[in-house]
Amino acid sequence: MSQVEKKAGLLRRTSSSKKPLKEKVVLMYDEIFAKEDPAKNNPRFWDELFLMKVNLEYLESKLESVDGEEVQRIQDNINSLFHHCVQALGEEHQIKVVNALQTLCALFRGVHQKNKSASGFDIINMLMGFDKAEQRMKDLMERLDSLLCGDGSESLKSLCLKLLLCLVTVTDNISQNTILEYVMINSIFEAILQILSEVSSRGQHGYDAVVLLALLVNYRKYESVNPYIVKLSIVDDEPTLDGMGMVVHHALTEYNRQYKDKEEENQGGFFSTLTNMVGSMFIADADEKLSVQTNEAILLALYEAVHLNRNFITVLAQSHPEIDIPTTPTTPTTPTPTTPLGTTPPSLDMMNNPELPLDPNLQTSNLLITFLKYASIVMQDTKDEHRLNSARLCLIILTCIAEDQYADAFLHDDNMNFRVNLHRMPMRHRKKAVDKNIPSRPLVCAVLDLMVEFIVTHMMKDFPMDLYLRCVQIIHKLLCYQKKCRIRLHYTWRELWSALINLLKFLLSNETTLLAKHNIFHLALLVVNLFNMFITYGDTFLPTSNSYDELYYEIVRMHQVFDNLYCMVLRVSTNTGQWKEAASKVTHALVNVRAIINHFNPKIESYAAVNHISQLSEEQVLEVVRTNYDTLTLKLQDGLDQFERYSEQPKESAFFKELVRSISLNVRKNVSLNTLSQDILLKEFSTIS
C-alpha cells in the first residue's frame with residue numbers, strides 16, 4: 001500500500017475480498033487531482049467539499065506526490081481550490097470557514113514541500129495563477145483581517161493566526177518566501193495590534209500574534225522597506241505596547257517557573273544525596289538535565305520592540321502586581337502535544353491565575369526583572385548553539401537598553417529598588433547564594449551582577465569571545481551614564497574589579513590557544529579601559545572616597561597580573577606580526593595602571609620596612625594609599641567615556657538571518673496542523689446552521 005493510500009482515510013473492510021472504502025472527502029480530493037474540472041459534473045462540488053472534515057495528511061501528501069508534468073495538468077484545479085477556499089472564508093457557515101482555513105494550510109505546506117527548488121513565482125503560479133495572484137491574496141488577507149478583528153469565535157481567530165504562521169514559515173529562509181510580498185502590501189499589522197491591546201484576545205492569541213509580528217518584521221528587512229518595521233517603530237498606543245510587553249513577560253515568566261521546578265526536582269532525592277557524597281563530579285549531568293530548550297522567538301519579539309520602538313522602553317519598567325488575563329477562557333482551549341520547554345506559549349492555567357506569586361520576595365515584578373532572570377538561565381551554558389544564540393540575543397537586548405537614556409534613568413532610579421534572584425551556575429569553589437540575603441537595590445545592580453556572573457563562569461577552553469566583548473561593552477555603557485549624570489551607585493564594585501582582573505589573568509594563561517582563534521588584545525583593551533574609567537572618573541561616580549581607595553588597593557594587590565599583561569603586550573607590539581597594532585594599543589592604555597603600581601609599591605615596601613611588618617593588612621595598605629595620592633601623577637586619557645552605538649546592520653545581519661531561519665523551522669515544527677484540534681473546532685460549530 002502506498003504512502004498516499006495509507007493516509008486516505010480508509011474505512012474498515014467488510015470482507016477480505018472487497019477493497020477498503022475511501023471516505024468521501026478523499027474521493028473529492030482525488031477528483032481535484034484529476035484532469036477534469038470537478039464542478040463540471042457536480043455544480044455543488046465546492047459547497048460540499050467545505051462541509052467535509054478536512055483530511056490534512058492525505059491532501060498534503062497528494063500535493064507532495066504530484067510530479068512536474070502533473071502539475072501543469074491539474075494547475076487549474078489547484079487554482080480553483082485556492083480560490084474557493086478564499087471565498088469560503090466569507091461564508092456565514094463557520095464549519096466551512098474552519099475547513100477552508102485548514103485546507104489553505106495544507107495547500108501552502110504541500111505545494112512548498114514538493115517544490116523546494118522552484119522559484120517563488122512558480123509556487124505562486126501553481127497555487128493561485130500568477131495573473132490572479134494579486135487579487136486572490138488581497139481577498140485572502142482582507143478576510144483574515146476581518147476574522148481577526150471581528151466579534152467571531154476565538155477558535156477561528158486562533159486558526160487564522162496558525163494559518164498565517166504556517167504561511168510565513170513554509171520556506172527555511174523567510175526572505176525567499178515571495179508570497180509574503182502580498183502580506184506586506186495587504187498589511188495585517190493593525191489586526192495584530194488589536195489582539196495585543198485587548199485583554200481577552202491577548203490571553204488566548206497574544207503569543208502567536210507576537211511571534212507572527214517578529215517574523216514579519218524580519219522579511220527582507222535589509223533589502224527593501226518593510227512596512228511592519230516602519231509601523232512597529234511608530235506605535236505609541238499605551239495599551240498595545242503594554243499588551244506586547246505582557247505577552248513577552250508571561251512567556252518568560254512561564255519559562256523561569258518551569259526551569260525552577262526542574263531545578264528543585266533535581267535537587268531532591270537520591271541524585272542530590274549522591275552528588276553531595278562524591279563532591280561535584282555529577283554537576284555537569286545536573287546541568288544537562290536543566291538545559292531546557294530556549295525560546296528565541298519571544299526573545300526576538302522583545303528585541304525588535306526594544307530596538308525599533310523607543311516608546312516600548314517604558315514598558316520594561318512597568319510593575320505587574322497581578323497578571324491581568326481573564327480567569328476563564330471564552331472558548332475551549334486546544335490541547336497541544338508535549339513540546340520542549342520554552343517553545344510554546346505560557347499555559348492558559350498560568351496566565352489565568354491571578355494568585356500566582358511572581359516572586360516570593362517581591363510584591364511586584366516587571367518585564368526587565370523577568371528578562372534578567374531568563375538571561376541568567378540561558379547564559380549559564382553556552383555550549384549548545386541555541387543557548388549560545390539566546391545568550392547573544394539577551395546581551396544585544398541589554399546593549400540596546402544600556403544605550404537608551406530613559407532606560408538608564410529607571411535602571412539607576414533609587415526609588416525603584418528590587419530584589420532580583422538571578423540564577424547562578426553551580427561551581428565547586430563557591431556556596432549557593434541564599435535568595436533571602438539579596439538586598440533591594442536599583443535594577444542596574446542586577447544587570448551588573450549578571451555581567452559579573454557571566455565573566456566569572458565562562459573562562460573555558462571554548463572561549464565565547466563575542467559574548468565577553470558584549471558583556472564588557474554593556475558595563476562600559478552603564479559607567480558612561482553614571483559618569484555623565486554623576487550617579488554614585490552603591491554597588492560591590494570590588495566583585496567587578498576582581499572578575500575583570502581574573503579575566504585578564506585567564507587571557508594571559510591561555511595566550512597561545514586563544515590567539516589561534518581570537519584577537520584577545522581587543523578584549524584586554526576594553527577591560528583595561530574599564531579600569532581607566534574608574535581611575536580617571538571614579539571620583540564622580542564611585543559611592544565614597546573609600547571605594548576609590550579600594551580600587552587602588554585592588555590594582556596594587558593584583559599588580560602581578562598587570563605587570564605580566566604589560567610584558568606580554570610589549571613583546572607582541574615590538575615584533576612584527578598581525579597583532580602588533582592591537583597589542584600596542586593595550587601598551588598605551590596601561591600607562592596609568594602602571595603609574596599607580598610603580599608609585600604605590602615602593603611606598604608600601606618602605607612602610608613595611610620602617611614599621612618592621614612582614615605582611616601589611618588591607619587597612620595598612622589603604623592608609624599608605626590615602627597618604628600618597630598627592631605625589632601620584634596620572635595622564636589624562638581621551639575618549640574613555642565615548643562608545644560606538646549599537647547598529648544591527650552590517651555587523652549583526654548574518655546573526656539575525658540565521659536566528660530567524662532557526663526560529664522559522666521551530667515554529668513550523670510546532671504549528672502542527674493536527675494540533676489545531678479539528679474535532680474541538682467542529683464540535684464548537686456543530687450547532688451552527
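Helices, as named in these legends, are DSSP runs of H or I with at least four residues, numbered from the N terminus.

**View 1. T171 sits in a loop between two helices of this predicted model.** The loop joins helix 9 (154–168) and helix 10 (180–185). T171 has 15% relative accessibility, so the residue counts as buried. The cut-off for buried is under 20%. The side chain of T171 reaches the backbone oxygen of N173 at 3.0 Å. Leaving aside neighbours within four places in sequence, T171 is in contact with H112, Q176, N177, S664 and R668.

View 2. The protein has 34 helices and 2 strands. Of its 689 residues, 55% count as buried. The accessible surface comes to about 31100 Å². Carbon and sulfur atoms hold 49% of that surface. Take the contacts in the protein with a separation of 6 or more: 79% of them are between residues 24 or more positions apart.

**View 3. H205 makes a polar contact with E154.** H205 lies in helix 12 (residues 199–217). Its relative accessible area is 3%, so H205 is buried. The side chains of H205 and E154 are joined by a polar contact of 2.6 Å. Beyond the neighbours within four places in sequence, H205 is in contact with E154, K157, S158, L161 and I195.

**View 4. Y303 and F656 form a stacked aromatic pair.** A search of the whole structure finds 24 aromatic pairs. In the pair of Y303 and F656, the ring centres are 4.6 Å apart, with 25° between the planes. Y303 belongs to helix 17 (residues 296–308) and F656 to helix 33 (residues 653–670), so the pair ties together parts that are 353 residues apart in sequence. Both Y303 and F656 are buried.

View 5. F531 is in helix 27 (residues 520–541), and F562 is in helix 29 (residues 559–573). The pair links distant parts of the chain, 31 residues apart. F531 is buried, and so is F562.

**View 6. Ring pairs build a cluster of aromatic residues.** The members are Y491, W493, W497, F534 and F541.

**View 7. Charged side chains lie over tyrosine rings at Y537 and Y566.** The charged end of K483 sits over the ring of Y537, at 4.5 Å from the ring centre. R594 lies over the face of Y566. Here the distance to the ring centre is 3.6 Å.

**View 8. Helix 23 is largely enclosed by the rest of the structure.** Helix 23 (residues 443–457) has 15 residues. From its first C-alpha to its last, helix 23 reaches 22 Å. That is close to the 21 Å expected at 1.5 Å a residue.

**View 9. L308 in helix 17 is 8.6 Å from V230, C-alpha to C-alpha.** L308 and V230 are 78 residues apart in sequence. Setting aside neighbours within four places in sequence, L308 is in contact with V217, I229, L232 and S233.

Technical notes: Residues are numbered from 1 along each chain as its sequence is written. This is a predicted model: local features need pLDDT of at least 70, side-chain atom pairs count only at pLDDT 80 or more; totals for chains, interfaces and linings use all residues. Side-chain values use heavy atoms; hydrogens and water are left out. Buried means under 20% relative accessible area, exposed over 50%, partly exposed in between (1.4 Å probe, protein chains only). A polar contact is a pair of N or O atoms within 3.5 Å; within protein, one must be able to donate a hydrogen and the other to accept it, and residues adjacent in sequence count only if both atoms are side-chain atoms. Contact means heavy atoms within 4.5 Å. Accessible areas come from the Shrake-Rupley method with a 1.4 Å probe; for residues, only the protein chains shown count as cover. Rings of Phe, Tyr and Trp (its six-membered ring) pair if their centres lie within 6.5 Å; planes under 30 degrees apart count as stacked, over 60 as edge-to-face and the rest as tilted. A charge sits over a ring if NZ of Lys or CZ of Arg is within 6 Å of the ring centre and within 35 degrees of the ring normal. The expected span of a helix is 1.5 Å times one less than its number of residues.
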